[in-house]
Amino acid sequence: MDNDTTPRAADLAAITELVATVERSQQNKDPEEFLGLFHPDAIWTTAHGKVLIGFDAIAEFTRQVLPAANWDGKVSYEVGHVFFIRDDVAAVKVRQQYLGAGEESEGAPLYVVSRQDDGRWLLTACQNTQVHRPGQD
């Protein structure tokens, strides 16, 4: 991640907190906390390629799938790199890991986030990519 000491450091901290909230909401299977992170016109693509366009589609899917998730492990999300496309738009490369009883998987999401007029950073266009390792089914 960029280690910037300029005013951009506040933006980096806010983006890091956004990713931490993604982790917390996923770990707690909390759809409302997760949905609070999205721009109204967001695009979300799941790790399995399901494309969700707009908040309503993302909300319907999330409210159905997240609380019913049958995993009992730990999920972690870590900011790997932030590239500011503009002052108010950034591409965020994330390292995602799921650790469960005898099970481990990895993801490599890319989040495009945008800063709103009130200063909040929101998920705007996201691709949640599952990492396939040789020998995995």
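Which side chain does Arg24 meet in a salt bridge with an N to O distance of 3.9 Å?

Modeller: The partner is Glu17, whose side chain meets that of Arg24 at 3.9 Å, N to O; a salt bridge here is a side-chain nitrogen of Lys or Arg within 4 Å of a carboxyl oxygen of Asp or Glu. The model is predicted, so local features need pLDDT of at least 70 and side-chain atom pairs count only at pLDDT 80 or more, while totals for chains, interfaces and linings use all residues. Residues are numbered from 1 along each chain as its sequence is written, and side-chain values use heavy atoms, with hydrogens and water left out.

Arg24 is partly exposed, at 36% relative accessibility (buried is under 20% relative accessible area, exposed over 50% and partly exposed in between, with a 1.4 Å probe and protein chains only). Glu17, at 42%, is also partly exposed. Arg24 has a salt bridge to Glu33 as well, at 2.9 Å, N to O. Glu33 is partly exposed, with 23% relative accessibility. Through these shared partners, Glu17, Arg24 and Glu33 are joined into one network.

The structure holds eight salt bridges. Among them is the pair of Asp87 and Arg8, whose side chains meet at 2.9 Å, N to O. Asp87 belongs to the loop between β3 (74-86) and β4 (89-100), whereas Arg8 belongs to helix α1 (residues 8-27), so this pair ties together parts that are 79 residues apart in sequence. Helices (H or I, at least four residues) and strands (E, at least two) are DSSP runs, numbered from the N terminus. Asp87 is exposed, at 51% relative accessibility, and Arg8 is partly exposed, at 27%. Arg8 also lies over the face of Phe84, 4.0 Å from the ring centre; for such a contact, NZ of Lys or CZ of Arg must be within 6 Å of the ring centre and within 35 degrees of the ring normal.

Aromatic contacts come next. Five aromatic pairs are found in the whole structure. In one of them, Phe34 and Phe38 have ring centres 5.0 Å apart and planes at 80 degrees, so the pair is edge-to-face. Rings of Phe, Tyr and Trp (its six-membered ring) pair if their centres lie within 6.5 Å, with planes under 30 degrees apart called stacked, over 60 edge-to-face and the rest tilted. Phe34 is buried at 4% relative accessible area, and Phe38 is buried at 5%. Phe38 also forms an edge-to-face pair with Trp44, at 5.4 Å centre to centre and 75 degrees between the planes. Trp44 is buried too, at 8%. Phe34, Phe38, Trp44 and Tyr111 form one aromatic cluster.

Strand β1 runs parallel to β7 (residues 121-127), and four bridges join them; two strands pair if DSSP finds at least two bridges between them. Leu123 is also the bridge partner of Val113. Strand β6 (residues 110-115) pairs with β7 in the antiparallel sense over six bridges. The hairpin of β6 and β7 has five residues between the strands, and in it Gly119 takes a positive phi near 95 degrees.
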